[in-house]
Amino acid sequence: MPNKFLIASVFAFLFCFSTIAQEKERKRKKLPKEIVIDSIIEIKEPINPLSPAKAAFYSAILPGLGQAYNKKYWKIPIVYGAIGTGIYFYVTNNKEYNRYRDAYKRRLAGFTDDEFYKDSNGNQLTTPRVTTESLERGQKFFRKNKEISLLVTFGLYALNIIDANVDAHLLQYNVDENLSLAPHYKFNELDATSNLGLTLNFKF
């Protein structure tokens, strides 16, 4: 009987000691977590409401500068490639338009010495390679392409500004773990069905 009482007392003592030790361990582990959270809050950069406006302003002054301000350097070649392509097509169509316009003006003035009255070696031809009507149609075609190229170039320039502005907004978007949207999948063992959906987590 005394042995049973002694054994029960020892087990009770060990249980109490284990409970106290677990409580102390839990408190000890909780403290650093709070310290880490506090340190993260302290070093977190404050939201700058003027950052998107600055990025847009820099891209308006010089395309790609807003992307550099947002530290998205990989976008700079894309910006210059897109705007450069639009400028290239504008210059090419403008050059062709001027060629056809100059030849058309000389035809109307009664001259037959324009470039389309000559072969590839520069020899004068009796019959032009391009008729006067074709010169008129060519002017309309290249003028239309020139105007489209100009509009596309301005559109890409504006898109460069919008991209810098939106990117600066997204850089300040809240991506804290306390606010998250994640997919979830659950298998129901009772009726062998599965549930698929989205879970919105919001912690205070």
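Predicted model: local features only at pLDDT ≥ 70, side-chain atom pairs only at ≥ 80, totals over all residues.
Local features are given only where pLDDT is at least 70 and side-chain atom pairs only at pLDDT 80 or more, while totals for chains, interfaces and linings use all residues. Residues are numbered from 1 along each chain as its sequence is written, and side-chain values use heavy atoms, with hydrogens and water left out.

**Fold**

The protein chain has five helices and two strands, in the order α-α-α-α-α-β-β along the sequence. Helices (H or I, at least four residues) and strands (E, at least two) are DSSP runs, numbered from the N terminus. Of its 204 residues, 18% count as buried. Buried stands for under 20% relative accessible area, exposed for over 50%, and partly exposed for values in between (1.4 Å probe, protein chains only).

**Salt bridges**

A salt bridge is counted when a side-chain nitrogen of Lys or Arg lies within 4 Å of a carboxyl oxygen of Asp or Glu. The count by this rule is eight.

K75 counts as buried because its relative accessibility is 14%, whereas D163, at 25%, counts as partly exposed.

E115 is in the loop between α4 and α5 and R99 is in helix α4, so the pair links parts that are 16 residues apart in sequence. E115 is partly exposed, with a relative accessible area of 35%, and R99 is partly exposed at 26%.

**Second largest pocket**

The second largest pocket has a volume of about 150 Å³. On a 1 Å grid over the protein atoms alone, a pocket is an open set of points where a 1.4 Å probe fits, with protein on both sides within 12 Å along at least five of seven lines; lining residues have an atom within 4 Å of a point. The volume is the space filled by probe spheres set on the points, which are joined across faces, edges and corners.

The lining consists of Q67, K75, I78, V79, A82, I83, L156, L159, N160 and D163. Helices α4 (76–108) and α5 (132–171) each supply at least two residues of the lining. By class, the lining has six nonpolar, two polar and two charged residues; Ala, Val, Leu, Ile, Met, Phe, Trp, Tyr, Cys and Pro count as nonpolar, Asp, Glu, Lys and Arg as charged, and the others, Gly among them, as polar.

**Loop residue K71**

K71 is found in the loop between α3 and α4. K71 is not a glycine, yet has a positive phi of about 65 degrees. Most residues other than glycine have a negative phi. K71 is exposed, with a relative accessible area of 63%.
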